[in-house]
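Subject: Structure handover

Hello,

Here is the structure I promised to pass on. My notes follow below it.

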Amino acid sequence: MRQSPNSKRNRMIRTKQVSTETGSLGDASSIKLTPRTANKRETIALPTTLTADSFLSLTPQIHTFPKTLSQINKKRKMSSPTAPLTGHCACKTLTYTLTTQPLITHCCHCQYCQLETGSAFALNTLIENYNFTITSPTRPLYAHRPSPSAPDGSAHVIAHCPNRDCNVDVFSFYGGNRGTVFVKVGTLDEGSRERVRPDVHIFTRSKVEWVDLGREVERGVKVFEGFYDREDLWSRESLERLEKLRAWKEGGKGEGGDV
Ligand SMILES: [Zn+2]
Ligand SMILES: [Zn+2]
């Protein structure tokens, strides 16, 4: 029995042919040319040989991006303000929890942080060692990098995932001081990450020119060309916790720590 040009069988065949021609872009062609939607008018001309230009010309048809940042933010789920902050490395082998709220969150624009992160600044939230818990059976590996913030030559100790296909840095200790954990904010879980904002911008003398801190100043965030005096900036509660932390370290626990 003869079939019309737009019969279901013919449309299936045409879809299959196009998928084969596009090779690695088979997904794209299947999106545009499913048997249900394909007909003569909707068929798009796909190149038989993919060049960089032809790939780029296809890209807008493959992906749909949310239009604005506010649309993205609406989709994000923020965890309860009182829930513990949690996080993980990229492969999720290494997971952790902050059992109380951070002491303070630094956005550091120093050249060392730029080098170490490969970015414009580092975002670290600080917590006492005893309020930070690794929740995975896997423990981190520690890299000892030269630290410009420790003139005595002690290293910046960075904890990273032991999975060599991940290796993401998750937290660190500055100057060998194991009392205070500097948690890398980008490794927090999505619901937690949204809750942590910089309390202070430091070492802005080396800030990249295109980072504009005007909005931060408007919301009352302090900006320092170098470092700052804790007594002037930290909340009363955080200063009280700092006293407790000093006592803990003087008790001989700051050098090793639990993490
Ligand atoms: Zn990992
Ligand atoms: Zn820094």
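The largest nonpolar core has 30 residues. C108, I127, V170, V181 and V183 have the most contacts inside it. Please bear in mind that this is a predicted model. Two or more residues of the core come from each of β2, β3 (104-108), β4 (122-128), β7 (156-160), β8 (169-173) and β9 (180-184). β4 gives the largest share, four residues. As background, nonpolar side chains in soluble globular proteins tend to be buried together.

Leaving out residues up to four places away in sequence, I127 touches L98, P102, L103, F132, V181 and V183. Two of these partners, V181 and V183, are themselves listed with I127 among the residues with the most contacts in the core.

Next, the chain as a whole. The secondary structure comes to nine helices and eleven strands. The chain has 259 residues, and 23% of them count as buried. Take the contacts between residues at least 6 apart in sequence: 57% of them join residues at least 24 apart.

Now the sheet. Three strands make an open sheet, in the order β1-β2-β5. The pairing is antiparallel. Which strands stand at the edges? They are β1 (85-88) and β5 (132-134). Each has a single partner strand, so one side of each is left without a neighbour in the sheet. From one strand to the next, the twist averages 20°.

Four bridges join β1 to β2 (residues 95-98), and the two run antiparallel. L85 stands opposite L98 in β2. L98 is also one of the residues that I127 touches. The two faces of β1 can be told apart: L85 and G87 are on the covered face, T86 and H88 on the uncovered one. β1 and β2 form a hairpin, with six residues between them. In the turn, K92 has a positive phi of about 65°.

Two single residues are also worth a check.

V168 sits in the loop between β7 and β8. Is V168 buried or partly exposed? V168 is partly exposed, because 17 other C-beta atoms lie within 10 Å, whereas a buried residue needs 20 or more. V168 touches C89, A90, H160, C161 and T187, again not counting residues up to four places away in sequence. V168 and H88 are 80 residues apart along the chain, and their C-alpha atoms are separated by 9.3 Å. H88 is on the uncovered face of β1.

R193 lies in helix α6 (residues 190-193). R193 has 20 other C-beta atoms within 10 Å, so R193 counts as buried; the cut-off is 20 or more.

Best wishes

Key:
Residues are numbered from 1 along each chain as its sequence is written. Chains are lettered from A and ligands numbered from 1 in the order in which they are written. This is a predicted model: local features need pLDDT of at least 70, side-chain atom pairs count only at pLDDT 80 or more; totals for chains, interfaces and linings use all residues. Two strands pair if DSSP finds at least two bridges between them. Axes are lines fitted to C-alpha atoms, for helices over the stretch in contact, and angles run from 0 to 180 degrees between N-to-C directions. A nonpolar core is a set of buried Ala, Val, Leu, Ile, Met, Phe, Trp, Tyr and Cys residues joined through C-beta atoms within 7 Å. A residue is buried if 20 or more other C-beta atoms lie within 10 Å of its own, exposed if 12 or fewer, and partly exposed in between; C-beta atoms are placed from the backbone. Two residues are in contact if their C-beta atoms, placed from the backbone, lie within 7 Å.
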